[in-house]
Each structure stands twice: as C-alpha cells, then as structure tokens.
There are 2 protein chains.
Amino acid sequence: MNQDEQVKVLGLWGSPFSKRVEIVLKLKGIPYEYIEDVYGNKSPMLLKYNPIHKKVPVLVHNGRSIAESLVIVEYIEDTWKTSYMILPQDPYERAMARFWAKYVDEKVMVAMWKACWGPKSEREKETKEAYEGLKYLEKELGDKHFFGGETIGFVDIAADFIGYWLGIVQEASGVTIMTAEEFPNLQRWSKEFISNNFIKEVLPPKQKLATLLKAQFGSVTSD
Amino acid sequence: MNQDEQVKVLGLWGSPFSKRVEIVLKLKGIPYEYIEDVYGNKSPMLLKYNPIHKKVPVLVHNGRSIAESLVIVEYIEDTWKTSYMILPQDPYERAMARFWAKYVDEKVMVAMWKACWGPKSEREKETKEAYEGLKYLEKELGDKHFFGGETIGFVDIAADFIGYWLGIVQEASGVTIMTAEEFPNLQRWSKEFISNNFIKEVLPPKQKLATLLKAQFGSVTSD
C-alpha cells in the first residue's frame, strides 16, 4: 500500500456497522486510523463526512468520504485487491453473497432489534420474523466453516451482529431467539468467527457492551 | 452471447423493481424471455425461485435464480461485460453509485410510497422525508444528463420509480411531492430517461398503470 495513503474510520465502539469496516480492513491488512465519534452527540466531523445519513461508519480515504457499511466494505474490496478477498470472483457466487448480506442487514437484524427493543405490540411478530430469518441463515450456512466457505467473507462480516452482539443483546434484553440447540450451525460459526485473531482485536469487551446496551435500551421488563 | 444461454425474467408488468432488470438487459443488449407473474397470487415458479422473499423480480440464468433487483442488476453487470457498462470502473465512483442507488431504494422510494399510501398518521412525516430525499437527489444530479453522467447508469436504473412511476402515483393518490418548479433537474432528467428507446420499450402504459395503482391502493381521499 502506498505510504501516502490516508485511511480513516469514523465509528462508534459498540456499533456492529462500524465493526464491519474495521474487520475488513484488518483482514485485508490495510492500516487505518480509528476515530471514535461521540455517542448521543454527532460530531462536526460526522456531519461533514456523512451529511445525508449522519451515521457511522464513515470511511475517509485520502480526504474522500464513503458512508453505509456494506458500500464501504465493497469499496475496500474494489480498491485494495490484496491476497485476502472477501467476495467470490464468480458472478453467481458474488450475487449470492450480496443477497445474503442484504438479507442479514435489512431483514434479520431489523427484526431481531425490534423483537428485543421494539414497541411491545410488535414484539411477537418480530420475534417470529427474526426466528425465521435465522432459520434461513442456519440452513444457508449448513456445515460450511463460514458463509464465505473456508474463510471469512462478505456475509460473515455483514453478520457480525449475529456472531457477537446477539448473545449479549439477548442477555441484556431478556429476549431469547437464537439458542444453541435450535441453531447448532450458527452457534459453531459464531464461536469460530469471534475466535479469529483480527476480529477479536476489534470487538468491544462483552461486559462494556452489555452495560451500554442496557443503558441505551433497558431490558424488556423495564418497558 | 452464447446461443445456449437461457435468460428469464420473472416479473410483474407494473413493478418498478421488475423493470430495473428489464432495463439493464435491454441497455446491455442481452436477449431474455419475460414471464409475467400473477398479481395477488404468487405463482409456483415464483415460490420455487424466490422462496425467501417470494417477490418479483427473479432472474433465472441457465437454471440458477437470483432475487433482489439491485443484486440482479450487479449480477448482470458482472456476468456480461458488454460495451454498455452501468457501473463506473473507478472504485470511488462505483461506491457513490451504490450509495445513491441504496438511498433511492431504501429511503426515498419507501418514504414516497408511505407519503402517498401509508397510514394517515404518518403521511406528514413521510412527505417531509420524501421531499428531503428528492432534494438530495436534485442536488446530486445537478446539471448532469443522468446520474451516471452522459449515459444511463446504476442510479438512474434504481431511480426508475422517480423517473416514471412517481408522476402517475402522484396523480392516482392525489399527493404531490415532486413539482417541476421545485425539482427542475429531476424533471429534465425524468423526461430524458423515459425518452430513451430501450426504456420506452419496457415501461408500462401510463393509463393502465394508473388504473392498477388506483385499484390496488385507492386515492388518499378514499382513506
């Protein structure tokens, strides 16, 4: 990598979206500067670099900014064609990876979040949706090591919330959707995912994350 | 293109999502067979090829199916590297195209739809969101011919709803968000977009579409 290149990530330490970006940079061996934004108080830098969504993560590469975590991940892949590639080369396999990443992002994560912390009236419906979504993922994973096959790929990175956050969210909220008994493949995958050294390096400490989540959202019983 | 290749599109004639797929196939000169699904009654073929979302469009290429219109569009681009490319080659420009396509898809279209036909209590909020979203697009387009520059690209295709459907939706619902006075760039773009011969060929007739929309959703006053 060109020594003059400047790669900055503007993130929040507890955000699975921010972590997607850091994970892919680590896996591809791209040095970057991490800048922590402020919880509950959007920084001037965030407003400057992501004026439309005003959300982390933002990647700033040589002064130019990119928002939306999965867009950033594809940008990193397109820009640094290192030996570690996260998307398959075959067009059909690429499409499948994009399909599942989108599914995790727009369906499963949203349903899980609402099942845990959404309006009480919607929780039953959302729990069912989250469960069904996880069942599809369980089946898609099958006995593969990772969604990406032998190595961590685009879908695994998109699913970092399921790999790490979900267990903590379940404990913090008191809502259980994914159990080891019903989701053995995801359980095995989750263990393998978080024991990767690069990933371990960027994940937030469990206790700190549980405290943050409880403080932000409370538990179901407090609702 | 290999003469043995089989390209099928399973769609609905009034769906802007289905039309995205047909538009990109036409622009790239890829012959395909169009199969109309059934409004209000999902066909066995749809359930077979898109068991998860059970939604059109589905692309079936040599027996393998792909769902999600923007995933399909990228698959077509990755598979057929014809002289007409819809995504820029430069990684930053590609990321910007993906960002704006996602913005149109997940923010602007959703807000516009809810502003016109969502629950009455949310219409004011959604109208404001749709308006702001269109303002960002108006600014992003600027005085370029198309979002893609001189030619129709990824964002233009993603925005086919704004280019063609929105005017008809506004008339059918009685809700006006985009006016020629406030959105001169989008207005000019829309005219140019729908006068492209390939696009003209696949767009549904205006009157037929208005009738469908009214039958499906009614007008605001009937709520």
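## Briefing on chains A and B

In this predicted model, Leu134(B), Leu137(B), Glu138(B) and Leu141(B) of helix α5(B) meet Pro184(B), Asn185(B), Leu186(B), Arg188(B) and Trp189(B) of helix α8(B). By class, this contact between α5(B) and α8(B) is made up of six nonpolar, one polar and two charged residues.

**Helix packing in chain B**

- Two packed helices are described by the angle between their axes and the distance between the axes.
- For helix α5 (residues 123–141) and helix α8 (residues 184–194) of chain B, the axes come within 8 Å and cross at roughly 70°.
- Because angles of 65 to 115 degrees count as roughly perpendicular, α5(B) is described as roughly perpendicular to α8(B).

**The interface of chain B and chain A**

- The contact draws 30 residues from chain B and 29 residues from chain A.
- Ile52(B), Tyr92(B) and Phe99(B) together supply 23% of the area that chain B buries against chain A, which is more than any other three residues supply.
- Eight salt bridges are found across the interface by the rule applied, and in one salt bridge the side chains of Arg94(A) and Asp78(B) meet at 3.3 Å, N to O.
- The rule for polar contacts finds eight residue pairs across the interface of chain B and chain A, with both residues at pLDDT 80 or more.
- On the side of chain B that touches chain A, the elements that give two or more residues are β4 (64–67), α3 (69–79) and α4 (91–117) of chain B.
- Helix α4(B) gives the most to that side of chain B, with 13 residues.
- Sorted by class, the side of chain B that touches chain A has 14 nonpolar, three polar and 13 charged residues.

- Most residues other than glycine have a negative phi, and most peptide bonds are trans.
- In chain A, a cis peptide bond with omega of about 0° joins Val56(A) and Pro57(A), and Pro57(A) is found in the loop between α2 (44–49) and β3 (58–61) of chain A.
- In chain B, a cis peptide bond joins Val56(B) and Pro57(B), with omega of about 0°, and Pro57(B) lies in the loop between α2 (44–49) and β3 (58–61) of chain B.
- Lys54(A), although not a glycine, has a positive phi of about 55°, and Lys54(A) is found in the loop between α2 and β3 of chain A.

Notes: Residues are numbered from 1 along each chain as its sequence is written. Chains are lettered from A and ligands numbered from 1 in the order in which they are written. Side-chain values use heavy atoms; hydrogens and water are left out. Axes are lines fitted to C-alpha atoms, for helices over the stretch in contact, and angles run from 0 to 180 degrees between N-to-C directions. Helices (H or I, at least four residues) and strands (E, at least two) are DSSP runs, numbered from the N terminus. Angles under 35 degrees count as roughly parallel, over 145 as roughly antiparallel, 65 to 115 as roughly perpendicular and the rest as oblique. Contact means heavy atoms within 4.5 Å. Ala, Val, Leu, Ile, Met, Phe, Trp, Tyr, Cys and Pro count as nonpolar, Asp, Glu, Lys and Arg as charged, and the others, Gly among them, as polar. Buried area is the accessible area (1.4 Å probe) that two parts lose on being put together, summed over both. A salt bridge is a side-chain nitrogen of Lys or Arg within 4 Å of a carboxyl oxygen of Asp or Glu. A polar contact is a pair of N or O atoms within 3.5 Å; within protein, one must be able to donate a hydrogen and the other to accept it, and residues adjacent in sequence count only if both atoms are side-chain atoms.
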